[in-house]
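Trainee: I'd like to learn how to read a strand and the core around it. Could you walk me through one?

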Amino acid sequence: MILAVVGGKGGVGTSTVALELGLRLDAVVVDADLSMADLPTARGPDLHDVLAGRASPVEAVREGGAVSILPCGRTLAGARACDVGRLGEALGAVARQYGDVVVDCAAGMRADVGVPLAVADACVVVTAPARPAFADAIRVRELARSFDAGLAAIAYNRADGVPDAVERTLGAPGVAIPKDETVRRARRSGYPAGALFPDAPASAGFEALADAVRACGL
């Protein structure tokens, strides 16, 4: 399974949701935000190297932590050297080796969002209780439709509930992820909240989101 995690607007928590889903789905998380990477990294080859033809996708995966991650580089030169056309092939190679892949996609409507959606089995749209965030979520939902990427669930981040209008407009069940200080503390340490604070309110929300993805039969 390849699951794309998308959000039309930056800052809604797409990277956090991808990391938390990776933990619960026992999946490799690929940081595919080629110019604004936000997931933990370490020494060794990264996605910039893979897309520039300098490393294989599988050798770039970091194992051994709470979540296995294929990190992305953080340099402008690395981003410019990337051939985005290789991204789909790289995601497929990781999926063949590891089984399940969660892709943290870039915000907006760029090509590095479209490629993961084109190869994904489904997607999760991340949004938040603010009008601009929801407007951008609608746009990225339409992009997913154009690539026949089914919507598994909506992650309604930093909220206590999901308005009916959100589910009705986007066309999928929504799961509220409450605002929770443990999420920020865990990310600052480079871990998903579920690994450090499994009983926290946000962790329960992320588990419910993972259950919604599983319910799709992926």
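Predicted model: local features only at pLDDT ≥ 70, side-chain atom pairs only at ≥ 80, totals over all residues.

Trainee: Okay, how do I read the two sides of a strand?

Mentor: In a regular strand, side chains alternate between the two faces of the sheet. Now look at strand β1, residues 2-6. I2, A4 and V6 point one way, while L3 and V5 point the other way.

Trainee: Are those β1 residues buried or exposed?

Mentor: All are buried. Five of the five residues of β1 are buried, so the strand is largely enclosed by the rest of the structure.

Trainee: Which strands pair with β1?

Mentor: β1 pairs with β4 (residues 101-105) in the parallel sense, over four bridges. It also pairs with β5 (residues 122-127), again parallel and over four bridges. Take A4: its bridge partner in β4 is V103, and in β5 it is C123.

Trainee: What does V6 touch beyond its neighbours in sequence?

Mentor: Leaving aside neighbours within four places, V6 contacts T14, C105, V113, L117, V124, V125, V126 and V140. V6 is also among the residues with the most contacts inside the largest nonpolar core, which has 44 residues. Apart from that core lies another, of 34 residues, including V102 and I177.

Trainee: And how do I check a helix?

Mentor: Helix α4 (residues 87-98) reaches 16 Å from its first C-alpha to its last, close to the 16 Å expected. Its buried residues include L87, L91 and V94. After α4 comes G99, with a positive phi near 100°.

How values were computed. Residues numbered from 1 in each chain as written. Heavy atoms only, no water. Core = buried A, V, L, I, M, F, W, Y, C linked by side-chain atoms within 4.5 Å. Buried < 20%, exposed > 50% of the residue type's maximum accessible area, 1.4 Å probe, protein only. Contact = heavy atoms within 4.5 Å. Helix = DSSP H or I, 4+ residues; strand = E, 2+ residues; numbered from the N terminus. Expected span 1.5 Å × (residues − 1). Pairing = 2+ DSSP bridges.
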